[in-house]
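The sequence and the model are shown here.

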Number of protein chains: 4
Amino acid sequence: MAPRRLKVAVAGLGRMGARHALHFLNRTPRAELVAAFTPDEKELAWGTQNLEPYGTKLYTDYDEMLKHEGLEAVVIATVTTVHAEQAIKAIEADKHVLCEKPLSTSVEVSQSVVDAAKKKPNLKVMCGFSRRFDPSYRDAWNRCDTGSIGRPSIFRSQTCDKLDPSGFFVAYAEFSGGIFVDCNIHDIDLALWFFGPESIVKSVAAFGITAVEPDLRKFGDVDNGVGVVEFWGGKLAYFYSSRMMAAGQHDMTEVIGTEGKLTVNANPFANLVEMSETTGVRREIPPHYYGRFEQAFVVEANEFTDCCLDDKPLPFKLTGAAQAVKIGCALQESLRTGKKLFFDETGRRIEHAQL
Amino acid sequence: MAPRRLKVAVAGLGRMGARHALHFLNRTPRAELVAAFTPDEKELAWGTQNLEPYGTKLYTDYDEMLKHEGLEAVVIATVTTVHAEQAIKAIEADKHVLCEKPLSTSVEVSQSVVDAAKKKPNLKVMCGFSRRFDPSYRDAWNRCDTGSIGRPSIFRSQTCDKLDPSGFFVAYAEFSGGIFVDCNIHDIDLALWFFGPESIVKSVAAFGITAVEPDLRKFGDVDNGVGVVEFWGGKLAYFYSSRMMAAGQHDMTEVIGTEGKLTVNANPFANLVEMSETTGVRREIPPHYYGRFEQAFVVEANEFTDCCLDDKPLPFKLTGAAQAVKIGCALQESLRTGKKLFFDETGRRIEHAQL
Amino acid sequence: MAPRRLKVAVAGLGRMGARHALHFLNRTPRAELVAAFTPDEKELAWGTQNLEPYGTKLYTDYDEMLKHEGLEAVVIATVTTVHAEQAIKAIEADKHVLCEKPLSTSVEVSQSVVDAAKKKPNLKVMCGFSRRFDPSYRDAWNRCDTGSIGRPSIFRSQTCDKLDPSGFFVAYAEFSGGIFVDCNIHDIDLALWFFGPESIVKSVAAFGITAVEPDLRKFGDVDNGVGVVEFWGGKLAYFYSSRMMAAGQHDMTEVIGTEGKLTVNANPFANLVEMSETTGVRREIPPHYYGRFEQAFVVEANEFTDCCLDDKPLPFKLTGAAQAVKIGCALQESLRTGKKLFFDETGRRIEHAQL
Amino acid sequence: MAPRRLKVAVAGLGRMGARHALHFLNRTPRAELVAAFTPDEKELAWGTQNLEPYGTKLYTDYDEMLKHEGLEAVVIATVTTVHAEQAIKAIEADKHVLCEKPLSTSVEVSQSVVDAAKKKPNLKVMCGFSRRFDPSYRDAWNRCDTGSIGRPSIFRSQTCDKLDPSGFFVAYAEFSGGIFVDCNIHDIDLALWFFGPESIVKSVAAFGITAVEPDLRKFGDVDNGVGVVEFWGGKLAYFYSSRMMAAGQHDMTEVIGTEGKLTVNANPFANLVEMSETTGVRREIPPHYYGRFEQAFVVEANEFTDCCLDDKPLPFKLTGAAQAVKIGCALQESLRTGKKLFFDETGRRIEHAQL
């Protein structure tokens, strides 16, 4: 008798949803993609061609999909604005949940997902921080964890997208929550991973410019942002995000400890080819994050499946996802107001710097 | 109705055979691993645990396996000495064949596989030159093909293994065919790819030392070899292979043209982590070829499957595999005798240099 | 008749002073090191052995040295606390001046040097921002200047020293002005170079920790600092400085424009050797800034000499040096108070953020 | 009293001669450039402008220059064809000699310089193998010497010039001695350095093509050459030289030992700037060898001067220079005839391979 496979549905078949669907369909041996939901006609057409023939039932109603017979887990990859609502519905329907980041652009709404999950401790509810599954980040974390750099103290991390001259991200900015919530949420999560989930924010300050898309201003957003987060206990994280890289995607991280430094992806590349030309030596770099993190997403799908099937603890907790949104939102507030925000040692907002 | 999947069997469940089996089982959506053969007890035990539960039937008799109902394709990953015999049997049984490199350590035997395949033009018979499926090599080849480096003229390529202090490869050398046939066969195949399959060898010279394993001498083999192959038409390839790398596997290639140069994997790495320590900046490199070429093997499995199912031409011809063995064997002869070997413009062996 | 050589004196024969002395003695063909001053016995002994035999007269009184017959130019490399006083004296004595950075740790005192220099427009008075003479920075600047990255918008730069476990820099911190004035002054100067000397600061915020030297706190200083400077007109610079690098000195800069990015020294190295070992691939990096900038200091000596002899304009203005101190001091204030500082479009300090 | 300075003359003021002259004039504090010789009008004009004003007397007659009062040392940087004759004359006139590589393109003539030098053991006679003075090569050699890579066994080295489309090197080939004597002479010298000067050649084989300059064939030369040299005792060196690099000069070396590998200049660069552009990430590389080895030439001038003034032993022996020419000429013969050449354990030429 063949081993049991997890019955999974994917909600949303946009750019990332379609990828999740294919990962669960073809690259997650212990899972079975039994259903998919999308309200979008184009996405539906894609599903009809690429999923249906392989036994995936398509739904245009999310609630109907949740009732799919035998369904055990839902991957939520719809627009950010409905992440939380769909996650909570799935939890209430007793499904395991893998929800794309961020849980929400609102601190309270994010917390409501955490609260819903707490009521069903038997369910696996995870936020899709894909970098947590990347072998390079894991290697760095293990080195850090075994003390190879002493006490990690400074954390620098950036998420930098290739310039999309279509102006797509201006429209997108209306709902994305802003550059710190949308892009740097990954870096914030990494900081909490490397510094420890118990880290308490002491201050937050954000800075930004609109170098290529002045229209972002109307949504209080920028195309290049720098954020600094001080933690109580002598730890400092600083972030950079950008929407205007010429060469391609460059997400990188540096963890500096008292005895050494770890760098992840300091020198990005699309593949292992170098070209020597009359103009010098050149390499290409990935055009988008999927070129960098494809394998991490596949590992994520497989590990999430394993945790559900074998009732193993997830590799990281859902509470961190709400904490990351909280920090991201504080950075956005600092960006909008131009003010530095302060917190006391219990994490409560205060008026003035506490030295 | 779910689309049809190719029914595949793997022969040999050793290091590479087990990997092939898992690739076809889990990472090749259009294939189904219906059978596997191994005469070895340990390998059988591995199969019982890792393949049988998923529906793969295990055989200890190759001929029996060939009779597995509905079987369409065989992957041959047994020891080199039986590659050819098993490939021919599979061809005669009307199965598609993916045979690990080299076809054989003998020129004549290799040719016999090519001859057998010619009689069944409807079958897909391919030699497993995994680098042909590596995205970096493909990118380099496309650039070369579109003229970006002018006329490719000098080809340098190396296959360098991490030192295995167990002395394993001394015993292995007895049947491997020697370092040029076993290791550089990949580089030779690449040279024929980049210079074109119609390239005619003009001369062959090989050199070698036994720096760490003097016992290799008794099999006429070395642990470090340098080979030079001149082609008619002003093209030159030179190869290096080694069994004594300290840091790990380093397979790299350089294609130099009249207007530029392409390099593949000049700076090997295990992942994207760099460590800054009191002793400097360090990165690790993959311990073996699978760390470098895992994805290429998966692509190979998928493309071979597509070609079989869709009756598409294979990405490269089987004749090249015999040609590569021929060049590898000539290098081994040159190594053993210390002599340079010469060939005329028709590829016929001659006594003296023709300038 | 041999061409005329500039008669130069060096004040201070400590670490950097001794180097300046040797550069002017041996590596600046158009200059002649006629005199040197030091109040320190050890330094004097060094001068007796290394300078005097080549015709350099040694002084223990700075004012006496200024009266050295025919003296035309003075290089000031004494402790920071006397830079300004000595510079002003030299200017008043009609000598050209090359003064080590910073002019002073005080904004007002720095300005007094600028004022003194203004009264003697015939004199060449320059602050020793050595990176301005580094061929890589110059190449980057030229590329930037010719528009190759569009409009420079984000500037990231760091000055990171190898950890000196002797605790030397704690004592040093008492007079250094703090990490932003002592280390990042170079990065600040570079920002003013790449963004243009007319750039007006909009806000300043600094953050820091004492990861390895808690005693620095008593001087209001840190061993790791992050500073962010917003400029009016949509430009943003952020800086990092550290005293705890394990591997060695790492000073690097990234200039991000609307159409591209320039990076200087992203991957530091001591020389061109790479070591492949059982632990991976390793390179060493320079132990201190002189290992990185030696040639820049030599170019500085030669160009300063040329400007004096040929009455050519200096490559950059003295006013920028005072501006850099001003920004550095603002960062130190922000670090000490935990507050973000704001400035209006005329550069005047204001209370609240102006958006 | 100022310390004594070595009185030096430079013969030849062509590309490299002019550089030597300036190095001794401006960058060698313990030397004095008292004289220079050139038979060429253009070069003379250059000397009149750049050397004479600083006290260097110019000669158009080499023998006259040798009689310059007080002259102690001669740097020979004329065309290769007169190196030996001028070196011998200088030795006979009791001058120290720094002679550019190669001593000659003839084995016998090279030996005659060695013989002349032997008769004057008090003189310092050195061949200008500039790489011996390069800090990276020295660092690699020291690591090798202290056993960090075990027993050095495989040596790979290349000298690759940027393509000069003027066809200059075709005319030049008539007198250069061929690509192995002209270019790879450096790599051969390095092999003798790293393997030890007592190494005995066992076989020599060379291969080459004329990819961009077919006219080189008439001088028995090529524009891309691969040479392999086996040494008795289980050591193997292989070389590559090229005149058609698109991006610039790339001279690199790899020393592979039983326990590790050292690489020098695997990734060439012109400076520390990296450009991120829409086409990827790019760096430039030096256009010619001087861009790579400028500092090595300056160190060479200074160390040669020190040896002469302080009667210290030179860093390497002149005999090696003749040995390098011998190997280079053997490679050229192998290239011309297409034959592999064999030598017995005493270094005597033999007919057949000795295994």
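Predicted model: local features only at pLDDT ≥ 70, side-chain atom pairs only at ≥ 80, totals over all residues.

The domain assignment divides chain A into domain 1, covering 6-128, and domain 2, covering 134-294 + 323-350. To their contact, domain 1 of chain A contributes 15 residues and domain 2 of chain A contributes 14 residues. Taken over C-alpha atoms, the centres of the two domains of chain A lie 26 Å apart.

**Buried area**

Between them, domain 1 and domain 2 of chain A bury about 1100 Å², with 62% of this area on carbon and sulfur atoms. On the side of domain 1 of chain A, the residues that lose the most area to domain 2 of chain A are A:Arg19, A:Lys101 and A:Thr105; together they account for 40% of what that side buries.

**Polar pairing**

| Pairing between domain 1 and domain 2 of chain A | Count |
|---|---|
| Salt bridges | two salt bridges |
| Polar contacts, both residues at pLDDT 80 or more | three residue pairs |

A salt bridge joins the side chains of A:Arg27 and A:Glu294, with an N to O distance of 2.9 Å.

**Make-up of the domain 1 side**

On the side of domain 1 of chain A that touches domain 2 of chain A, α1 (15-26) and α5 (107-118) of chain A each provide at least two residues. The largest share of that side, four residues, is supplied by α1(A).

Terms used. Residues numbered from 1 in each chain as written. Chains lettered and ligands numbered in written order. Heavy atoms only, no water. Domains from an automatic or database assignment. Contact = heavy atoms within 4.5 Å. Buried area = accessible area lost by both parts, 1.4 Å probe. Salt bridge = Lys/Arg side-chain N within 4 Å of Asp/Glu carboxyl O. Polar contact = N/O pair within 3.5 Å; in protein donor to acceptor, adjacent residues only side chain to side chain.
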